[in-house]
Amino acid sequence: MTPATQAADKALDQNELIARGWAALPANYRIPDVAPTLAEARAYCRQLAESHYENFHVASWFLPKVLRPHFHSIYAYCRISDDLGDEVGDPAQALALLDLWGRELDACYEGRARHPVFVALTETIRACSIPKEPFADLLTAFRQDQTVTRFETMQDVLAYCHYSANPVGRLVLYACGEVNEENFRLSDSTCSALQLANFWQDVRVDFAKGRAYLPQADMRRFGVSDETIAAGAATPEFRALMRYEVEYTRQMFEAGLPLIGRVQRDLALDLDLFSRGGLEILRAIERRDYDVLGARPAITKATKLQLALRALGGKLLPFWQLGPRSAKRAA
């Protein structure tokens, strides 16, 4: 077989994987033959954001209207990227789709966008001067999800968060014009803390998918094994492990809270809302005495409304916002 024949066969295999992957996803995720107009692309992203993310419309109350299309396009990119990696069900197909999506990201930065997400994103990138790196980093995380299912240390988990969570906060800062290294550092702490809180909330769900984000070194230290999680019974050892991880995560939230006081009011309200939400997840775990195996700790609708109202109150009464001095009390 000649090199040209091998390359053709490989391309055929990739095309087959891509076709099968698209078939497992909503039809409107596929790349159209003809690129939409900017207005059509923005409508696509708005519909995707408002129909998939239950808190998006709440958060968007606090955003200046001029920024909402940019947040819609960023969210739409993150949503589809995540689904390409997590909703296909076959690692080879997911990797093929993520590689294709990465090529579309390259095309976007080269002025050749076709997918409505990238057509809308082109304008967001131009208006907000966003580099390619945070978008590409997210794809690195979703590719990693296809092959990595365990993490030895917390530093390994945080290295994953560097790609899976922190880019989202940086994209938000770019969109809002709040770009500097200290803001990035504080945002990274908040975003990683949010990711960790979700991991601890979903230990049972992730384990059923073959993934465990609890550091293996911590599991050994507290005498917890995969068999403990598989059994679904929160032993004293497991509860002690979760107590340790929850406290570590709370400290990360507290480290990131000064960002709220460094940015414009509208963005501060969003940061306040999501920091409160993350801390509330930790409290939900505590209320179950750290048993995240028997049932998934969840924030009730009433609590979500209360969080939104408290964040809205911060628009009128700034002292209601979270901040360095209120972090301990809120936690």
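Me: Is F118 buried or exposed in this model?

Reply: The model is a predicted one, and the value is computed from its atoms. A residue counts as buried under 20% relative accessible area. F118 has a relative accessible area of 0%, so F118 is buried.

Me: How many aromatic pairs does a search of the whole structure find, and which kind of pair do Y77 and F118 form?

Reply: The search of the whole structure finds 12 aromatic pairs. The ring centres of Y77 and F118 lie 5.8 Å apart with the planes at 70 degrees, and planes over 60 degrees apart count as edge-to-face.

Me: How many residues apart are F151 and Y213, which form an aromatic pair?

Reply: The rings of F151 and Y213 are stacked, at 5.6 Å centre to centre and with 20 degrees between the planes. F151 lies in the loop between helix 7 (133–144) and helix 8 (154–164), while Y213 lies in the loop between helix 11 and helix 12 (216–222). Both F151 and Y213 are buried, and the pair links distant parts of the chain, the separation being 62 residues.

Me: Which residues do ring pairs link into a cluster?

Reply: The stacked pair of F151 and Y213 belongs to a cluster whose members are linked by ring pairs. The residues of that cluster are F151, Y160, F199, W200 and Y213.

Me: Which helix gives the most to the lining of the largest cavity?

Reply: The structure holds one cavity of 30 Å³ or more, and the largest cavity has a volume of about 60 Å³. The lining includes F199, W200 and Y213, and by class it has eight nonpolar, no polar and three charged residues. Helix 10 (181–201) and helix 11 (203–208) each supply at least two residues of this lining. The helix that gives the most, with three residues, is helix 11.

Me: Over the face of which residue does R221 lie?

Reply: A charge sits over a ring if, for Arg, CZ is within 6 Å of the ring centre and within 35 degrees of the ring normal. R221 is placed at 4.7 Å from the ring centre, and the residue whose face it lies over is Y244.

Me: Is Y290, which has a positive phi, buried or exposed?

Reply: Most residues other than glycine have a negative phi. In the loop between helix 15 (265–287) and helix 16 (301–316) lies D289, with a positive phi near 55 degrees, and Y290 is found in that loop too, with a positive phi of about 65 degrees. D289 is partly exposed, with a relative accessible area of 38%, whereas Y290, at 10% relative accessibility, counts as buried.

Me: What percentage of contacts between residues at least 6 apart in sequence join residues at least 24 apart?

Reply: The protein has 17 helices and zero strands, and of its 331 residues, 51% count as buried. Among contacts between residues at least 6 apart in sequence, the share that joins residues at least 24 apart is 73%.

Conventions. Residues numbered from 1 in each chain as written. Predicted model: local features only at pLDDT ≥ 70, side-chain atom pairs only at ≥ 80, totals over all residues. Heavy atoms only, no water. 1 Å grid on protein atoms, 1.4 Å probe; cavity = no way out; pocket = protein on both sides within 12 Å on 5 of 7 lines; lining within 4 Å. Points joined across faces, edges and corners; volume = space filled by probe spheres on them. Helix = DSSP H or I, 4+ residues; strand = E, 2+ residues; numbered from the N terminus. Nonpolar A, V, L, I, M, F, W, Y, C, P; charged D, E, K, R; others polar. Phe/Tyr/Trp six-rings, centres within 6.5 Å; stacked < 30°, edge-to-face > 60°. Buried < 20%, exposed > 50% of the residue type's maximum accessible area, 1.4 Å probe, protein only. Contact = heavy atoms within 4.5 Å.
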